[in-house]
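Here are a few notes to go with the model, in numbered points. Have a look at the coordinates first, then read on.

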Amino acid sequence: MLLVGLAGGLFATWHILSASKPPGAIKYGSWVVWPAAGSSNPDPYSLAYFARRGDIPLAPVEGLAFFASRDSDDAVLEGRCTYEITGAFPPARAWTLFVFQADGRVISSPAGRPGFTSVETILEGAVTRIALSASPQTGNWLQIPPAGQFILALRFYDTPLSAVASVLDDARLPALRRVGCLS
Amino acid sequence: MKRGFFNAIPFILGAVIIAGLVHLLSILLLPRVAASNAFARLSVNASLNTLENLQSPDGTKVMLPFADPAMLTAICHYDVTQEPVRLKITTGDDFMSIVFLDPEGKVIYSLTDKAATRRLIEIVIGSPAQIRQITIQDSEDEAVQELRLRLANPRGMAIIRALAPRSSDVPQVSALLDRSDCQQE
């Protein structure tokens, strides 16, 4: 009984922290955010999640970090596909968008930094369109690995969003759509 | 068969209760025991009470998983058991932030470059008794320019992050971190 309980409890912890949206996280479209993780009063699940992953969550005064491992149709992000990020970006002093391997390492990109910051993109009004693919495209192009899964991190620094994270709606974050895939 | 099932009920209930307790305990203990948490990774090679620019050529080059590549980082692994520690952070045009972590990785205090006066943020960290001692010595005529932080845990880490919006901004932003400082009083 003791052994079954011990194994079951540890399995539950592992299973819950490995979920695509663990407790403490909020999902907006493709984007997952842990609004309380970097606060001075974090919930135990968020604290455990970041302790296991090994990075430092953003404090509410710094901004908000959104992570995406799935597209708007809930399919896993894969390098053999092309994607586009479209829509209005929420107000912030700066934002950054970077591509990571599933284990959290930055992908190596011959094109320089594997990502974008708000000063580097071409804005069409308030709307940004960013194309994601392994091979080059015109306009705002973000290189993704040619194969395998990847994770996107979209961070907003100095943003009024922090205060309203609990009532943020999908429409205020850019959409992450799959355009096509190589079979 | 039926009888066997009823006999198993106490066993199942017991296992479920133990599993629940183990799950709760492991969630609460994980930040304390995780060898791979941010604090443990960053403090491996960090000397105490000095500011270390992780970008500098002789830096430890620790890259935390999912860390923002556009953010340059400096750390100050502090211990105020003996003396309080003073941080001086030089800010620039772009976003900068300072967070204080306890050894479990919990953010105990955070601020951004908005808190700077004349491009400088000065923070004195110490035990409640040390900070009280400093406050007693304040001159009544002069306004206090520095922030003072009372720490419940004498050990921790200050993480200073500075945004380099373009790759070409990296040397300039890294120089800001080099000009910053963390020292025992």
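**Notes on chain B and its interface**

1. Of the 185 residues in chain B, 38% are buried (20 or more other C-beta atoms within 10 Å of the residue's own, with C-beta atoms placed from the backbone). This is a predicted model, in which local features need pLDDT of at least 70 and side-chain atom pairs count only at pLDDT 80 or more, while totals for chains, interfaces and linings use all residues. Residues are numbered from 1 along each chain as its sequence is written, and chains are lettered from A and ligands numbered from 1 in the order in which they are written.

2. On confidence, ipTM is 0.87 and pTM is 0.88. Chain B has a mean pLDDT of 88, with 95% of its residues at 70 or more (pLDDT is the predictor's confidence in each residue, from 0 to 100).

3. Chain B holds four helices and nine strands (DSSP runs, H or I of at least four residues and E of at least two, numbered from the N terminus). Its C-alpha atoms fill a box of roughly 85 × 45 × 30 Å along the principal axes.

4. Strands S4 (residues 96–101) and S5 (residues 107–112) of chain B pair antiparallel over five bridges (pairing takes at least two DSSP bridges). Val99(B) sits opposite Ser110(B) in S5(B). Five residues separate the two strands of this hairpin, and Gly105(B) in the turn has a positive phi of about 90°.

5. At the interface, 47 residues of chain A are in contact with 43 of chain B (C-beta atoms, placed from the backbone, within 7 Å). H1(A) gives the most to chain A's side, with nine residues.

Conventions
Two residues are in contact if their C-beta atoms, placed from the backbone, lie within 7 Å. A residue is buried if 20 or more other C-beta atoms lie within 10 Å of its own, exposed if 12 or fewer, and partly exposed in between; C-beta atoms are placed from the backbone.
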